[in-house]
Amino acid sequence: MASANDTRQQQSQKDAADQNFDYMFKLLLIGNSSVGKTSFLFRYTDDSFTSAFVSTVGIDFKVKTVFRSGKRIKLQIWDTAGQERYRTITTAYYRGAMGFLLMYDITNLDSFSAVRDWATQIKTYSWDNAQVILVGNKCDLEDDRLVPTEDSQRLANELGFEFFEASAKDNINVKQAFEQLVDLIFDKMNEGLEGGDILASVHRGSQGLKETPPNNYNGCSC
C-alpha cells in the first residue's frame, strides 16, 4: 500500500505532465539563502516538512493544480537560490513570471534588510504588473524574533506589497499566501491593465475569471 508521501509525489508528477488546464501561472519564490523557500514550497505542494534541506543550487520548480471559478489553473512554482553567485541564473527566470513570494526570515535581520534589493530585482527584470507578496517566514520561532511585525508591515505598505507572516514548519499561512497571490493575478487579469497580452499567452479557452480575493490576513497566529 502506497504511503501518503508516495501518493503526493505521484500526484505532483501527474500535475506536471498534465496538459489539460485553462491557465498556467508562473510564480517565483525569492529571497536570501536559508529563509525557508524550499520548505515553504514543499509544504504547499506536498504538505510535507523537513529541516534537512540543503541550499538550493541554481533553480528548481514544482507544479500544483488548483481550481478557481470552475477553471483549472496550473501553477508552475520556481524555487530560486538565494546565494549571490546564483543571482544571474535566478534573474533570467523573472521574465514572464506573473507573481512573486518575496521571503525573509523573522529571526534574521540581514534577510529582512535585503528585501529592498530583491524588490529592485523584481522591478528590473520582471513584467511591470507582476504581483508580489512579502512573506516573513519562521514565525513559529517567536522567541528568536528579530524583525518586528510592524516594521515588516510598514515596508510592505511602502513597496505596495501584500504581507503575511508564516511558518512552513507549523503550516501557518502557507496556503493563504499562495492563494492570495493567485487572486491578485486574477484581479490584474480582470482589470485589463497593460500586460494583458502576457496573461493571455498562458490562457486557454476562457474569457477571464472573476473572483473576489479573500480578506487579507496579516500576521501570525503562532
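Along the sequence they run α-β-α-β-β-α-β-α-α-β-α-β-α-α. This is a predicted model, where local features need pLDDT of at least 70, side-chain atom pairs count only at pLDDT 80 or more, and totals for chains, interfaces and linings use all residues. Residues are numbered from 1 along each chain as its sequence is written, and side-chain values use heavy atoms, leaving out hydrogens and water.

Next, select residues 37-46, helix 2. Nine of its 10 residues are buried, so helix 2 is largely enclosed by the rest of the structure; buried means under 20% relative accessible area (1.4 Å probe, protein chains only). Among them are Lys37, Phe40, Arg43 and Asp46. Step just past the helix to Asp47, which has a positive phi of about 50 degrees.

Now show Phe25, Phe40, Leu75, Leu101 and Phe178. These touch the most other members of the largest nonpolar core, 29 residues in total; such a core is a set of buried Ala, Val, Leu, Ile, Met, Phe, Trp, Tyr and Cys residues joined through side-chain atoms within 4.5 Å. Helix 7 (174-191) is among the elements giving two or more residues to this core, and its nine are the biggest share.

Centre on Leu75. Beyond its neighbours within four places in sequence, its contacts (heavy atoms within 4.5 Å) include Phe25, Tyr44 and Val182.

Last stop: a separate core of 26 residues, including Leu28, Phe112, Leu134 and Cys139.

Methods:
Helices (H or I, at least four residues) and strands (E, at least two) are DSSP runs, numbered from the N terminus. Buried means under 20% relative accessible area, exposed over 50%, partly exposed in between (1.4 Å probe, protein chains only).
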